[in-house]
Structure formats: C-alpha cells, structure tokens
Amino acid sequence: MFRNFFFVLLGFAFIGDLYFIIVGNQENRLFTKSLLMPLLFFGYFLESKKQNFKINKIFGLGLVLSFSGDFFLLYNWGFLVGLGSFLL
C-alpha cells in the first residue's frame, strides 16, 4: 500500500515538473525539481533494502550527488558547484 502511494507521489511530482516546464513557471518548478531526486533516492532504497550490495551504496551516493547538482544548478551562482557534483 505504501509502495503504491509512493509511486503515485513520484508520478505527480514528475507530471508537475513537466507542467511547470511547459508553462514556464520557474518559481514552482524549484519545488518540484528539488522533490524528484529525493523521491527517487527513497524509492530506490525502498525497493532494494532487502539486498545489501555495495553497488546499492554507490548508486545511492550517485543519487545524492545528482540531487545536489540539480539543486545548485537551479541558481545562477551555483553552476560550477552543481557541475562538480555531477562530475563526482
């Protein structure tokens, strides 16, 4: 039940982000874009918590760095920091 609710929430966040891209509303997109990566991070560990592979930890670190890269790229001052987060 919780799993289904989570994927519906992720779908709404994704559709909301696409809607704000099409409409051009950057203020609300700051919220939806910042919400996508933590939801993906949580969903990944929700699905893979039964397995304890090293790749899960590496993939989780990649999702955290992707979130920080997305977050910093939302602002004009954060280009180099965001790019560095993606390159790590």
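User: Which residues of α3 are buried in this predicted model?
Analyst: The model is predicted. Buried here means under 20% relative accessible area.

User: What covers the buried residues of α3?
Analyst: The cover comes from contacts, with heavy atoms within 4.5 Å. Among the elements that provide it are α2 (26–48) and α4 (79–87).

User: How are α3 and α4 oriented to each other, roughly parallel or roughly antiparallel?
Analyst: Their axes come within 8 Å and cross at roughly 160°. Angles over 145 degrees count as roughly antiparallel. The pair α3 and α4 is therefore roughly antiparallel.

User: Which residues of α4 meet α3?
Analyst: α3 passes α4 in a left-handed crossing. The contact divides into seven nonpolar, five polar and one charged residue. From α3 come L65, S66, S68, G69, D70, F72 and L73. Facing them in α4 are F79, V81, G82, L83, S85 and F86.

User: How far apart are the end C-alpha atoms of α3?
Analyst: Helix α3 holds 20 residues, 54–73. At 1.5 Å a residue, the helix should span 28 Å. The model agrees with this, because the end C-alpha atoms are 29 Å apart.

User: Is L30 buried, partly exposed or exposed?
Analyst: L30 sits in helix α2. Its relative accessible area is 30%. Buried needs under 20% and exposed over 50%. L30 is therefore partly exposed.

User: How far apart in space are L30 and V64?
Analyst: In sequence, 34 residues separate L30 and V64. In space, C-alpha to C-alpha, they are apart by 17 Å.

Definitions and conventions: Residues are numbered from 1 along each chain as its sequence is written. This is a predicted model: local features need pLDDT of at least 70, side-chain atom pairs count only at pLDDT 80 or more; totals for chains, interfaces and linings use all residues. Side-chain values use heavy atoms; hydrogens and water are left out. Helices (H or I, at least four residues) and strands (E, at least two) are DSSP runs, numbered from the N terminus. The expected span of a helix is 1.5 Å times one less than its number of residues. Axes are lines fitted to C-alpha atoms, for helices over the stretch in contact, and angles run from 0 to 180 degrees between N-to-C directions. Angles under 35 degrees count as roughly parallel, over 145 as roughly antiparallel, 65 to 115 as roughly perpendicular and the rest as oblique. A crossing is left-handed if the near helix is turned anticlockwise from the far one by less than a right angle, and right-handed if clockwise. Ala, Val, Leu, Ile, Met, Phe, Trp, Tyr, Cys and Pro count as nonpolar, Asp, Glu, Lys and Arg as charged, and the others, Gly among them, as polar. Buried means under 20% relative accessible area, exposed over 50%, partly exposed in between (1.4 Å probe, protein chains only).
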